[in-house]
Amino acid sequence: MSTLMDNGNTVSAELDAAVIEELREAFESGELVLFVGGGISAAAGLPTWRQLVDLLVERVREQVGDEVMTAEVASLARSQRYSEALAAAEHALGAAEFNAFVEDALDDEGLEPPRIALAIAALRDRLRAVLTTNLNHLLERAFGPEWDTMWRVTDEVAWRRRFILKLHGTLKEPSSWVFARDRFLASIADPDVRRSLTAVLSNCPVLFIGFGRADGNLDEMLSDIHALSGSSPPPRFVVVPSASLTPFRRATLVDMGFSLLPYDTSDGSHDQALAILERVSAPRPRGAPPRSRSIVPPPIPDLELPPSSSPLGFPSYDLPPDSAAYDDTVTMPGALDSPRRERVSEPPASPIEVFFSYSESNRELRDKLETHLAILKRKGVIRGWHDGEIGAGEERDRALAEHLETAKVILLLISADFLASDFCYDVEMQKAIERHERGEARVIPVILDACDWEGAPFGRLASLPRGGRPVTSWVNQSEAFTDIAKGIRKQVEQLTQNPP
């Protein structure tokens, strides 16, 4: 018989239910501590660590121009040694430039907390505390001002309640950032601080959530938590995708005393993780009236949460982020009342096709733009198409005409070469403008290089980057492409809400 969760130390639905019941009792005790991984951040659309390092490689290449330094950072990134890659990038760029870049890349301003963050926050009335590896402020905003935020481990953690402890530091305080194991261990080297952290872990049940597969650092972190928890630790639970549990990893974690709550992600969603929280927080049937709402937000297209970071090392993010957002504060019996949230557009049922019209001489710039649109692709919001997608044996002109006719967003990558190309200007651009004027598609001019484009038929359209400043005139082209990506994201959001 198939079960909701193929648990690491059970083979039956009855024993799975027993683990849920144990977690439920820990929750009802008011002493449960949540350990929330970085998958929460990626679920909101922020870069994964791998994407951040890839962007830093490009930044080092552009700003420093030293191929040896660039190759070093790139090599560490390819080996998934992200902590060392970040350190190498900081050395190459200098602390000020590195800090500014990371802060801008991970800034969550304007992003709504994702579904999983809202579901976790709905548990807040009975939680003791939250530990997290996230730098940003998504959890703070989900939990509300009633919960305090700390980003340094102090002796207060032994007695305080209703607080979020950010073990990696907080985004706006670069001096607090902790990306590597040695820095984390240094931050808890004080005997009083270490005693306080040990006191919490040896007395409070802990639930780990927001961690995904391919995150070897999670095992390292759990091993250290095990060592800090004493000889007779309280229950410790790990909610994790089933695919991440190899037989050896499963056996190792069970031997350390962790109760595993694996869940299936074969449908591409993490709804079963939310269902676990639902079961844990559901009221017991004692004649009480049924809940008016579920803790689980409405089902909408939901992609894989990437694995998260460990406070004792850096992560290996391999999965696309959760693309879902939720339009209201999640409530449950006893939860604090929270104001209604502004609705964020949901991903479309099928990706919006984005057509790249460009001159062959601008292929490299087109590739960079496509890289900066990776978040929208990973979320399933857009699907890029250009002539590089034409397969062997396909008729080129026919394929171009078909996609130009059906794409909902058409990017005109403008340069002097584009304007000089009969095919780009007279065929692709003219067709794009016709569809734009009929309301069938949205045309966005992207100014790659300085040229006299204002008098062209697309000259009246709003262009990107902002102000029509050519990409090649930016000292840091990554900033230009980031501005373009944000502009395209806004246009796609509008199309999602008001399709042509």
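Proline 465 lies in the loop that runs between β11 and α19. In this predicted model, the peptide bond leading from leucine 464 to proline 465 is cis, and its omega is near -5°. Alanine 456 is also found in the loop between β11 (442-447) and α19 (477-497). This alanine has a relative accessibility of 10%, and because buried means under 20%, alanine 456 counts as buried. Between alanine 456 and tyrosine 425 there are 31 residues of separation in sequence, and their C-alpha atoms are 9.3 Å apart in space.

The second largest pocket holds about 390 Å³ of space. It is lined by 18 residues, and those closest to its centre are Leu464, Arg466, Asp483, Lys486 and Gly487. Two elements, β11 and α19, each give two or more residues to this lining. Helix α19 supplies the largest share, with 7 residues. Sorted by class, the lining of the second largest pocket consists of 6 nonpolar, 5 polar and 7 charged residues.

Aspartate 483, one of the residues closest to the centre of the second largest pocket, belongs to helix α19. Its relative accessibility is 10%, so aspartate 483 counts as buried. When neighbours within four places in sequence are left aside, aspartate 483 is in contact with Leu464, Pro465, Arg466 and Trp474. The largest cavity has a volume of about 110 Å³. Its lining is made of 12 residues, and Ser41, Trp49, Leu106, Asn134 and Asn136 are the closest to its centre. The lining of the largest cavity comprises 7 nonpolar and 5 polar residues, with no charged residues. The lining of the second largest pocket, by contrast, has 7 charged residues.

Across the chain as a whole, there are 19 helices and 11 strands. The chain has 500 residues, of which 54% are buried. It exposes about 21000 Å², and carbon and sulfur atoms supply 51% of that area. Among contacts between residues at least 6 apart in sequence, 71% join residues at least 24 apart.

The structure holds 0 disulfides. A disulfide is a covalent bond between the sulfur atoms of two cysteines. Two cysteines can be described by their accessibility. Cysteine 204 has a relative accessible area of 2% and is buried. Cysteine 424 has a relative accessibility of 5%, so it also counts as buried.

A further backbone feature occurs at arginine 162, where phi is near 55°, a positive value in a residue other than glycine. Arginine 162 sits in the loop between β3 (148-150) and β4 (163-166). With a relative accessibility of 28%, arginine 162 counts as partly exposed, since that class lies between the 20% limit for buried and the 50% limit for exposed.

Definitions and conventions
Residues numbered from 1 in each chain as written. Predicted model: local features only at pLDDT ≥ 70, side-chain atom pairs only at ≥ 80, totals over all residues. Heavy atoms only, no water. 1 Å grid on protein atoms, 1.4 Å probe; cavity = no way out; pocket = protein on both sides within 12 Å on 5 of 7 lines; lining within 4 Å. Points joined across faces, edges and corners; volume = space filled by probe spheres on them. Nonpolar A, V, L, I, M, F, W, Y, C, P; charged D, E, K, R; others polar. Disulfide = S-S within 2.5 Å. Buried < 20%, exposed > 50% of the residue type's maximum accessible area, 1.4 Å probe, protein only. Helix = DSSP H or I, 4+ residues; strand = E, 2+ residues; numbered from the N terminus. Contact = heavy atoms within 4.5 Å. Areas by Shrake-Rupley, 256 points an atom, 1.4 Å probe, with all protein chains shown as cover.
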